There are 2 protein chains.
Amino acid sequence: MAERRTPRAGIVVTGTEVLTGRVKDRNGPWLAERLWELGVDLAYTTIVGDRPGDIEAALRFMAGEGLNVILTSGGLGPTADDLTAEVVSRAQGREMVLDEALEERIAEILRPLAKRWPNLDMDAIRQSNRKQAVIPEGATVLEPVGTAPGLVVPPAETGYQSTDSHPTLGPTVVVLPGPPRELQPMWSEAVKTQALRMAIKDATEYRQEMLRLYGIPESEIAETLRAAERGGVELSRLEITTCLKRGEVEVVTRYEPGEQEVYEAFKAFVRSRHADTLFSDDGSTVDEQVAALLRGQGRGAPTRTVATAESCTGGLLVARLTEPPGASDYVKGGIVVYGNEAKVAQAGVRPELIEQHGAVSAEVARALAEGARTKLGADVGVGVTGLAGPGGATVQKPVGLVWLSVVTAASEPLTRSVNLPGTRADIRDRTTTVAMHQIRHTLLHS
Amino acid sequence: MAERRTPRAGIVVTGTEVLTGRVKDRNGPWLAERLWELGVDLAYTTIVGDRPGDIEAALRFMAGEGLNVILTSGGLGPTADDLTAEVVSRAQGREMVLDEALEERIAEILRPLAKRWPNLDMDAIRQSNRKQAVIPEGATVLEPVGTAPGLVVPPAETGYQSTDSHPTLGPTVVVLPGPPRELQPMWSEAVKTQALRMAIKDATEYRQEMLRLYGIPESEIAETLRAAERGGVELSRLEITTCLKRGEVEVVTRYEPGEQEVYEAFKAFVRSRHADTLFSDDGSTVDEQVAALLRGQGRGAPTRTVATAESCTGGLLVARLTEPPGASDYVKGGIVVYGNEAKVAQAGVRPELIEQHGAVSAEVARALAEGARTKLGADVGVGVTGLAGPGGATVQKPVGLVWLSVVTAASEPLTRSVNLPGTRADIRDRTTTVAMHQIRHTLLHS
């Protein structure tokens, strides 16, 4: 990477309910993406309970690490345990002062509320109102979307309110409310403020690309990275991370625009070694590719329809196929046939097949696929039968064995088995990924 | 609450993909709950990228705050950017050493993998294998569930590997892998180790109970808490949190064993005010209750079977019903009928019904339920038809309108509609919760 001082940021998410895991944090990941778009390098996201000492310690830690900007979410409500503004003010070396104009604007917001609930305690309302209008001196106010104003609090100027003989300029802190529907528009306003623009003025634009591979272990990608380096691709100019996600390997690369050629060389290297398993180099998911193939996109072909007959996945595959808006254009439907009777009655599997080969077999998978196609009148039929466990295994047929078949009028049936590791939930979920890739493969080659 | 020195903990989640928001962190919230059960007070959860300097800074910050235990997740893989063990070792003042017995045990795990992928580079595998067997001296090994071993790394003893003239004993660090299905069983092993038990020996035992309600807004529970207090229930002796989760209100209470009576009084108070909506006071989920009711448990009744015909949920309901192990005992199967033809052909809905009332209507929901019951030969039939959006809405039928029907031979059909807020994914998911409660209600009253 080029030697430039990329601004660094931290996020402090406050809230005991988030820290204890009872409420999912939606703000950290959202703000992380926004920082990334701005070319600001996120170093830490810290979740902390509603304890002023802990919040302040987290802020001081990030300031000590030399971060240029810290974003906080939560703790701006009207109640006494909402303390973020005060804690930030102290950490930034600023006094809290009443902003009377802000107090009046908040009162304006509360007035219609008071009319709607005539029994409200107006004194309590006025107190809360005032509390929310007491802000760090010198902060820029972000107008409230709910009732809580946000703040952009620059570091105190050299010598200002400081007892330290050599004060250093610390981070600018952006204080945002907890509810995502308030935080998100207020962040857009924060980005326009002079105070925040100053703090991130050296930001570099980055590009990000993703490669997706299916059917190889993550360790092979590690080996490919080493081989690329030996082969002269300057990987040190790229920031590459790999991860395993729902049975696929994702390779995400971030780089400065000047390094586009290095990235292209890397991508070509991966393609040359993994032509058969690299299924996406433009960020598209297998779900998107299957949807596009069914719609005939990019091939000038007519729409093809799909139907499923599932046993062990119990409906997860058809649920996955119907996830995208407009899926009714190409999903005819599905049959979930859990018992053998249902396999015979609903999917038209011949009882002899089950007797001879067992319910988990190539023959039954194929018969399910044919049944789905015929019964639901689809172009493509998918059959899935397997053992998700934990019970039901035999020596020949262990838990995790799944047979899948994809049939069309135009091509040979594609019938395969996999042995999947993990829990019942893992096996059911992973099977849908295998099925999506088997559908994709069939659509590409027919 | 009693004044005791509660041990404090921190969690460090590593992974650039988690920090940037591309992968959702499932480990932080899960570990937070486990710590909570152990009576350990969680102070911080910090998410940090795969940068050794940042990981080490986060560890040192938490050690500096006097935490007794730090849990890390991720960064134990075979690739060079997986550095957690090394960073923890350095922060704890310990040397990295090769554990040859461990190396052999990992090799044992990799052998079958090598068979499955015959083109693997065996040298690369051996290198990765060795990397994972190099661990901090004096650490307790947690046997791998995948291929990565976990570690419990106590602070170096006074003076050990330390250049500090007054070293203080720091936190014990528990190093866990990133994949939840590996992390979770390995955490259970970690809790049994002498090293971790020592670090949290002053923990107070807590009890935790959960109440679940369906069909009321969260604000009503807030009002009930205030009323309980006015009614003389000493809520200050309990730690109560409420949250809205998948359309249900969860009330979680933590208390010391001596406060059992206060909790019982609180529970009785909630039951008296919310008899109709409190559906669980023993932690059981609606899914567990429906499964037990279908099995006839606690009623000495025979098993009843269920089948579904779904439109907008696209298989999510039958997938949810088949989630528990052994669901094949009572789930006959399901039909996903996305188009009108499929509704007629597969579920036996009369075309006139669709013409007269539209596909999203009480009549079609009921016909789907009857169709599912008859076609799949089940005791209970469930029909779901609605608009998950984003397209397809009319003035009379907005996005979020869903009709559900549950029919049995023994009772009147239960057919109802709901208007659900949120995105397509929200509406699809929430509909399955509504359906589960409607099934539960029918089973209880027939």
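This is a predicted model: local features need pLDDT of at least 70, side-chain atom pairs count only at pLDDT 80 or more; totals for chains, interfaces and linings use all residues.
1. Helices here are DSSP runs of H or I with at least four residues, and they are numbered from the N terminus.

2. The interface between the chains deserves attention before the details. In chain B, 65 residues are in contact with 62 residues of chain A. On the side of chain B that touches chain A, the residues divide into 33 nonpolar, 20 polar and 12 charged.

3. Part of the pairing between the chains is made by strands. Strand E14 (residues 331–337) of chain A pairs with strand E14 (residues 331–337) of chain B in the antiparallel sense, over 5 bridges, and A:Gly333 stands opposite B:Val337 in E14(B). These two strands belong to an open sheet of 10 strands, whose order is E17(A)-E16(A)-E15(A)-E13(A)-E14(A)-E14(B)-E13(B)-E15(B)-E16(B)-E17(B) and whose pairing is mixed. Strand E17 (414–419) of chain A and strand E17 (414–419) of chain B stand at the edges, and because each has a single partner strand, one side of each is left without a neighbour in the sheet. On average, and with direction ignored, neighbouring strands of this sheet are turned by 10° against each other.

4. E13(A) and E14(A) are joined in the parallel sense over 5 bridges, and the bridge partner of A:Val306 in E14(A) is A:Val331. H13(A) packs on the sheet, where it touches E13 and E14 of chain A together with E14 of chain B, and its direction makes about 150° with that of E14(A).

5. Which residues of helix H13 (residues 340–347) of chain A are buried? They are A:Ala342, A:Lys343, A:Gln346 and A:Ala347. These residues lie on the same side of H13(A) because they cover an arc of only 105° around the axis. An α-helix has 3.6 residues a turn, so residues three or four places apart point the same way. The cover over the buried residues of H13(A) is drawn from both chains: it includes strand E13 (306–310), E14, helix H14 (351–357) and helix H15 (362–376) of chain A, together with E14 and helix H15 (362–376) of chain B.

6. Helix H11 (residues 286–295) of chain A packs against helix H16 (residues 424–444) of chain A at an angle of about 35°, with the axes 9 Å apart, and the crossing is left-handed. H11(A) contributes A:Val286, A:Asp287, A:Gln289, A:Val290, A:Leu293 and A:Leu294 to the contact, while H16(A) contributes A:Met436, A:His437, A:Ile439, A:Arg440, A:Leu443 and A:Leu444. By class, the contact has 8 nonpolar, 2 polar and 2 charged residues.

7. In chain B, the axes of helix H11 (residues 286–294) and helix H16 (residues 424–444) come within 9 Å and cross at roughly 35°, and here H11(B) passes H16(B) in a left-handed crossing. The residues in contact include B:Val290 and B:Leu293 of H11(B) and B:Ile439 and B:Leu443 of H16(B). The residues of this contact divide into 8 nonpolar, 2 polar and 2 charged.

8. Chain B also holds an open sheet of 4 strands, in the order E10-E11-E9-E12 and with antiparallel pairing. Its edge strands, which pair on one side only, are strand E10 (239–245) and strand E12 (278–280) of chain B, and the twist from one strand to the next averages 30°. Inside this sheet, strand E9 (residues 207–214) and strand E11 (residues 248–255) of chain B are antiparallel over 8 bridges, with B:Arg207 opposite B:Tyr255 in E11(B). Helix H9 (residues 218–230) of chain B lies across E10 and E11 of chain B and runs at about 165° to E10(B).

9. How do the residues of strand E7 (residues 150–153) of chain B point, and are they buried or exposed? B:Gly150 and B:Val152 point one way, B:Leu151 and B:Val153 point the other way, and all are buried. E7(B) runs antiparallel to strand E6 (residues 140–142) of chain B, to which 3 bridges join it, and B:Thr140 stands opposite B:Val152. E7(B) also pairs with strand E8 (residues 172–176) of chain B, again in the antiparallel sense and over 3 bridges, where B:Val173 is the bridge partner of B:Val153.

10. A last point concerns a proline in a helix. B:Pro29 lies in helix H2 (residues 27–37) of chain B. B:Pro29 counts as buried because 20 other C-beta atoms lie within 10 Å, the cut-off for burial being 20 or more. B:Pro29 and B:Thr45 are 16 residues apart in sequence, and their C-alpha atoms are 8.9 Å apart in space.

Notes:
Residues are numbered from 1 along each chain as its sequence is written. Chains are lettered from A and ligands numbered from 1 in the order in which they are written. Axes are lines fitted to C-alpha atoms, for helices over the stretch in contact, and angles run from 0 to 180 degrees between N-to-C directions. A crossing is left-handed if the near helix is turned anticlockwise from the far one by less than a right angle, and right-handed if clockwise. Two residues are in contact if their C-beta atoms, placed from the backbone, lie within 7 Å. Ala, Val, Leu, Ile, Met, Phe, Trp, Tyr, Cys and Pro count as nonpolar, Asp, Glu, Lys and Arg as charged, and the others, Gly among them, as polar. Two strands pair if DSSP finds at least two bridges between them. A residue is buried if 20 or more other C-beta atoms lie within 10 Å of its own, exposed if 12 or fewer, and partly exposed in between; C-beta atoms are placed from the backbone. The arc is that of the directions from the helix axis to the C-beta atoms.
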